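Please look over the sequence and the structure shown here before reading the report.

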Amino acid sequence: MTDSDLIDLRSDTVTKPSPEMREAMAEAEVGDDVFADDPTVNRLQEAVASILGKEAAIFVPSGSMANGTAVRAQTQPGDEIILHADSHAYHFEAGSQSAVSGCSVRLLPGPRGLFTADDVRAAVRPDDSHFPHSSLVIVENTHNVGGGTVWPIDRIPPIREAASEFGLRMHLDGARLMNACVATGRSAAEYAQYFDTVSICFSKGLGAPVGSTVAGSAETIRRVHRFRKMFGGGMRQAGIIAAGALYALEHNITRLADDHANAKLLAEALALMPGISIDPATVETNIVFFDVNAANRTAQNLCEALRQKGVWMLPLGSQRVRAVTHLDVSRDDIERAIAVLRDVLGS
Ligand SMILES: *Cc1c(COP(=O)(O)O)cnc(C)c1O
């Protein structure tokens, strides 16, 4: 079996640019973006700012750099950041908040990656020289480890209110914000209005090979710009990759609904398989988490058995497995993956 026969459900980051996207990239007009004269990067930044209803946006190489520069631009060393205990920014960005921003983190509880305004109020430090200074709240939408959870939009204004009471800024880790928009029918600007900064990723379900953006006020984005340079993220003829991101914005948003339907199909089939626990009602977007509870089975050995039959999923925890749908996985692929799961689990 070659790699191209594999049904790769490890992540939506594995998507490869389509021939049409590659053509748009090959034809992109470019310049030196460190001098701010790459027309394609400029076009992307303007498009993103407009979609999010913000004054400005800046193109960066990765989602981690988007979050890291947004945090660095809105905090001082010694500050504390309030975020959910299951956040991507906490678990999967190599300790960026402490290493590059010098901040501590205060972790919030809450089911499926969601928290409340009262959780924020309880986490804010008193104004007293013993304590770190609370300065930023991060919300992740959709919430990856929460299970691709969509933040119900009416839960966000109370959190903004609590943050404003204490003079805290708010950052939206919107790596998969477009999935939330397609799942709810809400616009990206409706979500973004409650946040000082918003990051989105083009190399997840949107299918571009590289890139993320941070959007916010012109003043905040000027600060982000400086930290992008400091972190080594100033790129030169970046229009080549920005063109992939622009293509994704124009062509790959509404189709995220197909990924959501495929994830639901997979979750409903899994719910009927022996030794598997999952509540398909919790699958709202393109991420499926399930638990393996059959005797003698771990997430690791299930994933190895699936891999041998051409289906690739990710063990995350001793019994927990993640499968993510994306634009390089068709309905047929999901049906094949379900057949392989049934075969391996003996149902
Ligand atoms: C993928 C992801 C990021 C950024 O990841 P990179 O690999 O650095 O691009 C940030 N937040 C969330 C929720 C993500 O899933």
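The report below takes up a helix pair, the nonpolar cores and one further helix.

## Basis of the report

This is a predicted model, in which local features need pLDDT of at least 70 and side-chain atom pairs count only at pLDDT 80 or more, while totals for chains, interfaces and linings use all residues. Residues are numbered from 1 along each chain as its sequence is written, and side-chain values use heavy atoms, with hydrogens and water left out.

## Helices H3 and H10

Helix H3 (residues 63-73) packs against helix H10 (residues 218-230) at an angle of about 115°, and their axes are 9 Å apart; axes are lines fitted to C-alpha atoms over the stretch in contact, and angles run from 0 to 180 degrees between N-to-C directions. Helices are DSSP runs of H or I with at least four residues, and strands are runs of E with at least two.

In H3, Met-65, Thr-69, Ala-70, Arg-72 and Ala-73 meet Thr-220, Arg-223, Val-224, Phe-227 and Arg-228 of H10, where contact means heavy atoms within 4.5 Å.

## Nonpolar cores

The largest nonpolar core has 57 residues, of which Leu-44, Phe-59, Val-120, Leu-177, Tyr-191 and Phe-202 touch the most other members. Such a core joins buried Ala, Val, Leu, Ile, Met, Phe, Trp, Tyr and Cys residues through side-chain atoms within 4.5 Å, buried meaning under 20% relative accessible area with a 1.4 Å probe, protein chains only. Helix H11 (residues 239-251) gives the most to this core, with eight residues. Apart from this core lies another, of 30 residues, among them Leu-266 and Ala-267.

## Helix H12

The buried residues of H12 include Leu-266 and Ala-267, and what covers its buried residues includes helix H8 (177-184) and helix H14 (331-345).

Key. Buried < 20%, exposed > 50% of the residue type's maximum accessible area, 1.4 Å probe, protein only.
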